[in-house]
Amino acid sequence: MSQANTVIELEKQVVGAWRLVKTEQRLEDGTTRPKPAYGPNGTGYIIYDPSHTMCVFLANPDGPRTPEGQPRGEPGSSMDSPAAYCGRWHINPVGPMVIH
């Protein structure tokens, strides 16, 4: 199978809506933990469209809250929770991995 055919087959497998199961951060000593921004109960969805458009939503339901009860990012974090973005995606056949 050619590389182009392999990419086409992988794209067919990726297209659709996916629910976050867990996040994982690998530490220098080799141990892992949930990504701090989303915690052990992080929630999220990602949608890959056949036209190579994608959208993602991630949140930490147990994260810090404002006095009004709204979600607030951790002090000093680079990404507040919840976070969402949309953009273009493609398959990098080396790996293989989805890039967006």
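**Note on a buried threonine and an open sheet**

1. At 16% relative accessibility, Thr-23 counts as buried, because the cut-off for that word is under 20% relative accessible area. This value, like the others in this note, was computed from a predicted model.

2. Thr-23 has its place in the loop between β1 and β2, the latter covering residues 25-26. Leaving out residues up to four places away in sequence, Thr-23 touches Arg-33, Pro-34, Lys-35, Tyr-38 and Gly-39. With Lys-35 there is also a polar contact, in which the side chain of Thr-23 reaches the backbone nitrogen of Lys-35 at 3.1 Å.

3. Turning to the sheet, the model has four strands in the order β1-β4-β5-β6, which form an open sheet with antiparallel pairing. Its edge strands are β1 (16-19) and β6 (83-88), each of which pairs on one side only, and from one strand to the next the twist averages 10 degrees. In general, the strands of a sheet pair through backbone hydrogen bonds, either parallel or antiparallel.

4. Strand β1 is joined by four bridges to strand β4, residues 43-48, and the two run antiparallel. Along this pairing, Gly-16 stands opposite Tyr-48 in β4.

5. Ala-17 lies in strand β1 and, at 62% relative accessibility, counts as exposed, because exposed means over 50%. Apart from its neighbours within four places in sequence, Ala-17 is in contact with Ile-46 and Ile-47. The C-alpha atoms of Ala-17 and Cys-55 are separated by 9.5 Å, although these residues are 38 residues apart along the chain.

Notes. Residues are numbered from 1 along each chain as its sequence is written. This is a predicted model: local features need pLDDT of at least 70, side-chain atom pairs count only at pLDDT 80 or more; totals for chains, interfaces and linings use all residues. Side-chain values use heavy atoms; hydrogens and water are left out. Two strands pair if DSSP finds at least two bridges between them. Axes are lines fitted to C-alpha atoms, for helices over the stretch in contact, and angles run from 0 to 180 degrees between N-to-C directions. Buried means under 20% relative accessible area, exposed over 50%, partly exposed in between (1.4 Å probe, protein chains only). A polar contact is a pair of N or O atoms within 3.5 Å; within protein, one must be able to donate a hydrogen and the other to accept it, and residues adjacent in sequence count only if both atoms are side-chain atoms. Contact means heavy atoms within 4.5 Å.
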